[in-house]
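Hi,

Here is the structure I promised to pass on. Have a look at it first, and then read my notes below.

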Amino acid sequence: MSVITPHAATEEEILLVHSTDYIRKVRAEIAAGRQTLSTGDTELSRDSLTAALAAAGTVVSAVDAVITGSTPTAFCAVRPPGHHASANRGMGFCIFNNIAIGARYAAKRHRVNRILIADWDVHHGNGTQEVFWSDGSVLFFDVHQHPWYPGTGSAAEQGEGKARGLIVNNPFPAGSGRSEILKAFRERLVPAAASFKPELVLISAGFDSRAGDPLGQFTLTDQDFAELTDLLLVIAREHAGGRLISVLEGGYAIDGLARAVSAHLGRLAG
Ligand SMILES: [Zn+2]
């Protein structure tokens, strides 16, 4: 296992997903000392811009490392998370959509045409869904608690145009865990990936779907995260030359987060 030194994302990289107006707003509100982002429930501090640019830049650096072959897999230990942020709106603790920026960067810089984003955070990745809603280059597969924050992610939301059928939502009620979620990955993601044939696999790895998280009511265990990781590694090896990047999203029980990440990394690096 090696550690890559990330860079702060450039304006050009953030613009792959976000609008000029939104970036200007984020900069202005942080500079003005606001304590929350006006577009959504996201706490701010004077160092939030530095953290948000580092988070997005870390995923960009991981894409470079994995695509150029310096490592087959990477885990981005970043905060703030990103999957709730859309082009014009940060929300749900997310300022910039780190994984969406990474996907767009892989497409633009490295001509990766088909990317799988699998999201096992307990909350629906509404921002990622919105960014790739009619894109066609991304298969977005999301398991999440429903009804729950942010309210989106019904099975009927499937994308439009070139992306019709490439948004695959798997809403499950509170209390769901291994039997529902591993089954969805095995029975829905594996065939969807076989037909889409991703050239790169990205994971929105939120660990608030772990049992005991204060912001979620799923019951996944560390062993379940290890098995989900194995399943995505198999997809990556089968279709994407083993190229897989995992990006931290939620996870709010600090001890539980550490244990789940450890189980995940054990398989990624194994
Ligand atoms: Zn979450």
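Predicted model: local features only at pLDDT ≥ 70, side-chain atom pairs only at ≥ 80, totals over all residues.

A polar contact here is a pair of N or O atoms within 3.5 Å; within protein, one must be able to donate a hydrogen and the other to accept it, and residues adjacent in sequence count only if both atoms are side-chain atoms. By that rule, the side chains of His84 and His83 make a polar contact at 3.4 Å.

Numbering starts from 1 along each chain as its sequence is written, and side-chain values use heavy atoms, with hydrogens and water left out.

Back to His84, which sits in the loop between β1 and α4 (helices are DSSP runs of H or I, at least four residues, and strands are runs of E, at least two, numbered from the N terminus). His84 is buried at 4% relative accessibility; buried means under 20% relative accessible area, exposed over 50%, and partly exposed in between, with a 1.4 Å probe and protein chains only. Leaving aside neighbours within four places in sequence, the contacts of His84 (heavy atoms within 4.5 Å) include His123, His124, Tyr149 and Pro150.

Asp135 is another loop residue, between α5 (126–131) and β3 (138–145). With a relative accessible area of 19%, Asp135 counts as buried. Its side chain makes a polar contact with that of Arg104 at 3.0 Å. Not counting residues up to four places away in sequence, Asp135 touches Lys162 and Ala163 as well as Arg104.

Now the cores. A nonpolar core is a set of buried Ala, Val, Leu, Ile, Met, Phe, Trp, Tyr and Cys residues joined through side-chain atoms within 4.5 Å. The largest has 44 residues, of which Phe96, Ile115, Ile117, Leu200 and Ile245 touch the most other members. Helix α3 gives the most to this core, with 11 residues. Apart from it lies another core of 38 residues, Val168, Ile181, Ala184 and Phe218 among them.

Last, a helix pair: α7 (residues 222–239) and α8 (residues 254–268) pack at about 35°, with axes 8 Å apart. Axes are lines fitted to C-alpha atoms, for helices over the stretch in contact, and angles run from 0 to 180 degrees between N-to-C directions. Residues that meet there include Phe225 and Leu233 from α7, and Ala260 and Leu268 from α8.

Cheers
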